[in-house]
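Please read this briefing beside the sequence and the structure.

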Amino acid sequence: MATGRTHRPATRSRGIPEATVARLPLYLRALTALSERSVPTVSSEELAAAAGVNSAKLRKDFSYLGSYGTRGVGYDVEYLVYQISRELGLTQDWPVVIVGIGNLGAALANYGGFASRGFRVAALIDADPAMAGKPVAGIPVQHTDDLEKIIEDNGVSIGVIATPAGAAQQVSERLIAAGVTSILNFAPTVLSVPDGVDVRKVDLSIELQILAFHEQRKAGEEAAASAASGGSSAGGAAPAAAVVPPAGRATAVARKGNPDGDVPAVMPA
């Protein structure tokens, strides 16, 4: 029976570009939804639309995995789910610790998407002695005094930081010293980490500021178009109106890398 794909060994020696790695979870989410609906195959155009990318980029990304669809048939959904899960390391269990169990940390602890995506919350850690022993999402909170032992006992390599900004750097240093090599940082600060430690930063305020920039730009374009339209109806071309930003709103938002190589990110739905 046709499987809808051919396979060759993944090009690990050449490596997979970071931009491709960043899109793999998007493909996996779309494929998982198709799998849950018992859809056997999918075309590159359909999958690209579901993942929010163009089909040429999708085909290029899949070529790094050594996966090619069959003309007229498409990609085998179940095989791609397995292949991408394997490439992302999701075919094994990843214990994760969350440090900082305030409102955000508690929300993360209650997030059901971790378990369904191959991650197990092994421990919740907080510096407040009053939090010690209190269950959050069915897991008792432990004090930061025991952080190193918790990391060692659970074989943790991924840590989530949800502390206030002032505590994040020290927490990251303790996590790294204890053996953590990947950090998801929700604290509104840039972490300084040694080579070999991967950091992904989630900053909701930055994302909102970027959206504010786009909203302001759209408002400016609408105002300019309206002014131009009014001038044309009067028999002459009107100059584009100058757009003055409302007080209190940023006129631009700069996005650039930082010493960690962090990039803004969002949690999956």
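Just after α3, Gly66 takes a positive phi of about 80°. This is a predicted model, in which local features need pLDDT of at least 70 and side-chain atom pairs count only at pLDDT 80 or more, while totals for chains, interfaces and linings use all residues. Residues are numbered from 1 along each chain as its sequence is written, and side-chain values use heavy atoms, with hydrogens and water left out. Helices (H or I, at least four residues) and strands (E, at least two) are DSSP runs, numbered from the N terminus.

*Along α3*

- Helix α3 covers residues 55-65, and its buried residues are Ser55, Leu58, Asp61, Phe62, Ser63, Tyr64 and Leu65.
- Buried means under 20% relative accessible area, exposed means over 50%, and partly exposed is in between (1.4 Å probe, protein chains only).
- The buried residues of α3 are covered by elements including α1 (18-36), α2 (44-51), β3 (67-69), β4 (75-76) and α4 (77-88).
- At the start of α3, Asn54 places a side-chain oxygen within 3.2 Å of the backbone nitrogen of Ala56.
- This is a polar contact, meaning a pair of N or O atoms within 3.5 Å; within protein, one must be able to donate a hydrogen and the other to accept it, and residues adjacent in sequence count only if both atoms are side-chain atoms.
- Lys57 is found in α3 and is partly exposed, with a relative accessible area of 35%.
- Leaving out residues up to four places away in sequence, Lys57 touches Arg23 and Tyr27; contact means heavy atoms within 4.5 Å.
- The C-alpha atoms of Lys57 and Thr20 are separated by 8.9 Å, with the two residues 37 apart along the chain.

*Packing of α2 on α3*

- The axes of α2 and α3 are 8 Å apart and meet at an angle of about 100°.
- Axes are lines fitted to C-alpha atoms, for helices over the stretch in contact, and angles run from 0 to 180 degrees between N-to-C directions.
- The two helices α2 and α3 are therefore roughly perpendicular to each other; angles of 65 to 115 degrees count as roughly perpendicular, under 35 as roughly parallel, over 145 as roughly antiparallel and the rest as oblique.
- Ser44, Glu45, Leu47 and Ala48 of α2 meet Ser55, Leu58, Arg59 and Phe62 of α3.
- The residues of this contact divide into 4 nonpolar, 2 polar and 2 charged.
- Here Ala, Val, Leu, Ile, Met, Phe, Trp, Tyr, Cys and Pro count as nonpolar, Asp, Glu, Lys and Arg as charged, and the others, Gly among them, as polar.

*The sheet*

- An open sheet is formed by 7 strands in the order β7-β8-β6-β5-β9-β10-β11, with mixed pairing.
- β7 (135-136) and β11 (198-201) stand at the edges with a single partner strand each, so one side of each has no neighbour in the sheet.
- Two strands pair if DSSP finds at least two bridges between them.
- Strand β9 (residues 158-161) runs parallel to β5 (residues 94-99), and 4 bridges join the two; Val160 is the bridge partner of Ile98.
- β9 is also joined by 4 bridges to β10 (residues 182-185), again in parallel, and Ile158 stands opposite Ser182.
- Both faces of β9 are covered, with Ile158 and Val160 buried on one side and Gly159 and Ile161 buried on the other.
- Helix α8 (residues 165-178) lies across β5, β9 and β10, at about 170° to β9.

*His143 in β8*

- His143 lies in strand β8 and is buried, with a relative accessible area of 19%.
- Its side chain reaches the backbone oxygen of Ala127 at 2.9 Å and the backbone nitrogen of Asp145 at 3.0 Å.

- Most residues other than glycine have a negative phi.
- Ser38 has a phi near 60°; Ser38 lies in the loop between α1 and β2 (41-42) and counts as exposed at 62% relative accessibility.
- Ala137 has a phi near 55°; Ala137 is in the loop between β7 and β8 and counts as partly exposed at 39% relative accessibility.
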